[in-house]
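Dear colleague,

I am passing on the structure below, together with notes on what was found in it. Please read the notes alongside the coordinates.

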Amino acid sequence: MSLVRVWTDIGARKPVPLLAKIVEKDGVIFTIRYLSESDDKIWRYEEDTYEIDNDSIAEYLKTDDEQDIGFTPFDDAIHSVQAV
């Protein structure tokens with residue numbers, strides 16, 4: 001489903017928009033998985049999912065393809081991408 005930036009509290013002064021993918025929609029509730037960089041510099045979707053509402057979405061990226069925003073598939077993993 002769609003890639004989005006989600007306002008997230010990471011302990012900073014203000015929430016920051018982090019990249020996530022909507023994996024399910026139930027009415028006005030979205031289930032997302034965050035995309036984060038691992039120690040080996042490869043980006044992967046986290047296993048944990050989170051439920052958010054539309055107010056938490058900072059930006060809809062108008063795509064569901066990571067390649068459209070500068071990532072390339074890596075190592076044949078379904079949910080792994082590497083920054084270009």
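Helices (H or I, at least four residues) and strands (E, at least two) are taken here as DSSP runs and numbered from the N terminus. On that basis the protein chain holds 0 helices and 8 strands, and from the N terminus on its elements run β-β-β-β-β-β-β-β.

Please keep in mind that this is a predicted model, in which local features need pLDDT of at least 70 and side-chain atom pairs count only at pLDDT 80 or more, whereas totals for chains, interfaces and linings use all residues. Residues are numbered from 1 along each chain as its sequence is written, and side-chain values use heavy atoms, with hydrogens and water left out.

For the chain as a whole, the accessible surface comes to about 5,900 Å², of which 47% belongs to carbon and sulfur atoms; accessible areas come from the Shrake-Rupley method with a 1.4 Å probe, and for residues only the protein chains shown count as cover. Of the 84 residues in the protein chain, 29% are buried, where buried means under 20% relative accessible area, exposed means over 50%, and partly exposed lies in between (1.4 Å probe, protein chains only). Among the contacts in the protein chain with a separation of 6 or more, 39% are between residues 24 or more positions apart, a contact being heavy atoms within 4.5 Å.

Turning to the strand pairing, two strands are said to pair if DSSP finds at least two bridges between them. Strand E1 (residues 3-8) runs antiparallel to strand E2 (residues 16-26), and 6 bridges join them; E1 also pairs with strand E6 (residues 57-60) in the antiparallel sense, over 3 bridges. Val6 takes part in both pairings, with Leu18 as its bridge partner in E2 and Ile57 standing opposite in E6. The bridge partner of Arg5 in E2 is Leu19.

E2 is in turn joined to strand E3 (residues 29-37) by 6 bridges, again antiparallel, and in this pairing Glu24 stands opposite Thr31. E2 and E3 form a hairpin with 2 residues between them, and Gly27 in the turn has a positive phi of about 70 degrees.

Which residues form salt bridges, if the term is kept to a side-chain nitrogen of Lys or Arg within 4 Å of a carboxyl oxygen of Asp or Glu? The structure holds 2 of them. In one, Arg5 is paired with Glu59, the closest N and O atoms being 3.5 Å apart; this pair links distant parts of the chain, since Arg5 lies in strand E1 and Glu59 in strand E6, 54 residues apart. Arg5 is partly exposed at a relative accessible area of 29%, and Glu59 likewise counts as partly exposed, at 38%.

In the other, the closest N and O atoms of Lys21 and Glu66 are 3.1 Å apart, and here too distant parts of the chain are linked, with Lys21 in strand E2 and Glu66 in the loop between E6 and strand E7 (71-73), 45 residues apart. Lys21 counts as buried at 14% relative accessibility, and Glu66 is buried as well, with a relative accessible area of 12%.

One backbone detail remains: Lys62 has a positive phi of about 60 degrees although it is not a glycine. Lys62 is placed in the loop between E6 and E7 and is exposed, with a relative accessible area of 80%.
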